[in-house]
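Here is a short note to read beside the model. Please keep the structure open as you go through the points.

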Amino acid sequence: MAQREIQQELSVDQYTLGLVGPDQEWAGTVADGGTIETYTPPACWGPMITPEFRGGHEVTRPIRVENAEVGDAVALRIREIDVTSLATSTGSMREREGAFSDDPFVDHRCPECGTEWPDSVVEGTGEDAIRCAECGANASAFGFEYGYTVAFDDDHTVGLTMDEAGAHELAEDAEDVMDIPENSRQHPILLYEPSEMPGTLGRLRPFIGNVGTTPPVELPDSHNAGDFGQFLVGAEHDWGLESEADLEERTDGHMDVPEVRAGATLICPVKVDGAGVYVGDLHANQGDGELSLHTTDVSGTVTLDVEVIKGLDVDGPILLPNEEDLPFISKPYSEDELETGRELAAKHGVDIEDDVGPIQVIGSGATINDATENAFDRAGKLLDMSEGEVRSRCTFTGGVQIGRLPGVVQLDMLAPMDVLEERGMAHLVREQYDL
């Protein structure tokens, strides 16, 4: 019953073992209009090298939202993201033969004794440090094809890649340096101590890589998207799907869109009663596309304000980024631009559509083209527009951006506010962009 008690402010520091779905233990219930604070461990590399995990991330247990019912949406206003890790390791991956069956992110097994999802222990540092508790063999499913270790400055404004000695020093104190939370069950990736590309300086701007609502079927958390979800189609493990049509149940929480950062608002579909908001996969930075499939995974805290939007039946997320993150062509119009437009409209006898606001519809699929088609479909349904009108508006007042290769995109456009009013989300756009 404690999980049903409605709290105005809810703190969450409990996590799943790599899965999202309605059968996961709920973390509690937050009020409609309340605030969620989460403390999350790194995702991707830590869970990937820890064979007990059933998915490639470690996200929070789902959070029930008061008043949220199937067919609604939940708006998440991202108030703060604070990184608590001092360093991390990342790079491009290679899979270890024999340490998995169909999917190296999901169905782990010890390559020596065959134990499925074996318990593991740490012995020393390096890529052979993760050992099967049963037989002592190297049980991790992943290593680095090309890897590097990054140390952060105190204010988390820049990161610097380490040489061999620096990477080893950080690896020897990996859990504390990465600030692995007490309830986390992953091994820290700093243990692998990769040291390629030393002395490279990078700018940091933290964001959330996996955030959203619970799908109505259980999925590996890293596969709650149209591109990674392809690995589930025809798979023999417990989370295998018969066809790609089954992926329509996803909620696309795993976006890896760098604009999902403090100050942004994310509108998420409600596909189970209570919504089941979850948070994880914080990144210190990432270039568009996440070209090596992985970036700087970190621990940290996130503060979100929650609002239920009744009847906003959407298939996937809608992002309202910070205005500075919008492309030039889809920023809100200035008063000078609007006045010029009105004069032009009067000259030509046209009624100008001057009450518009920026939105980004998230699409996902097996490829970037598939993801864009998915975004067209979602935008058309949201705005009651033909695909031709969506394509035209996105060409003239928007565009498409790559969140993650191979298949997550942001479809930008300036949408008519009267349509957004009918859908019940105009107030969010007006608030976000001071319209």
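How do the residues of the lining of the second largest pocket divide into nonpolar, polar and charged? Point 3 has the answer.

1. Ground rules. This is a predicted model, where local features need pLDDT of at least 70, side-chain atom pairs count only at pLDDT 80 or more, and totals for chains, interfaces and linings use all residues. Residues are numbered from 1 along each chain as its sequence is written, and side-chain values use heavy atoms, with hydrogens and water left out.

2. The sheet. Start with an open sheet of 4 strands. Its order is β6-β9-β10-β11, and the pairing is antiparallel. Strands here are DSSP runs (E, at least two residues), numbered from the N terminus. Two strands pair if DSSP finds at least two bridges between them. β6 (87-95) and β11 (201-203) stand at the edges with a single partner strand each, so one side of each has no neighbour in the sheet. Inside the order, β9 (residues 142-152) and β10 (residues 158-161) pair over 3 bridges, in the antiparallel sense. Look for Phe 152, which stands opposite Gly 159 in β10.

3. The second largest pocket. Its volume is about 300 Å³. Closest to its centre, among the 20 lining residues, are Tyr 148, Asn 285, Gly 287, Thr 295 and Thr 296. A pocket is an open set of points on a 1 Å grid over the protein atoms alone, where a 1.4 Å probe fits, with protein on both sides within 12 Å along at least five of seven lines; lining residues have an atom within 4 Å of a point. The strands β9, β10 and β11 each give two or more residues to this lining. The largest share, 3 residues, comes from β10. Now the answer: the lining has 7 nonpolar, 11 polar and 2 charged residues.

4. The largest pocket. Here the space is about 570 Å³. Of its 22 lining residues, Tyr 333, Glu 353, Phe 396, Thr 397 and Leu 414 are the closest to the centre. Helices (H or I runs, at least four residues) take part: α4 (335-348) and α6 (387-396) each supply at least two lining residues. α4 gives the largest share, 6 residues. By class, the lining has 12 nonpolar, 4 polar and 6 charged residues.

5. Arg 250. Find Arg 250 in the loop between β13 (219-220) and β14 (265-269). Is Arg 250 buried or exposed? Arg 250 is buried, with a relative accessible area of 5% (buried means under 20%, exposed over 50%, with a 1.4 Å probe and protein chains only). Its side chain makes a polar contact with the side chain of Asp 252, at 3.0 Å (a pair of N or O atoms within 3.5 Å, one able to donate a hydrogen and the other to accept it).

Technical notes
Points joined across faces, edges and corners; volume = space filled by probe spheres on them. Nonpolar A, V, L, I, M, F, W, Y, C, P; charged D, E, K, R; others polar.
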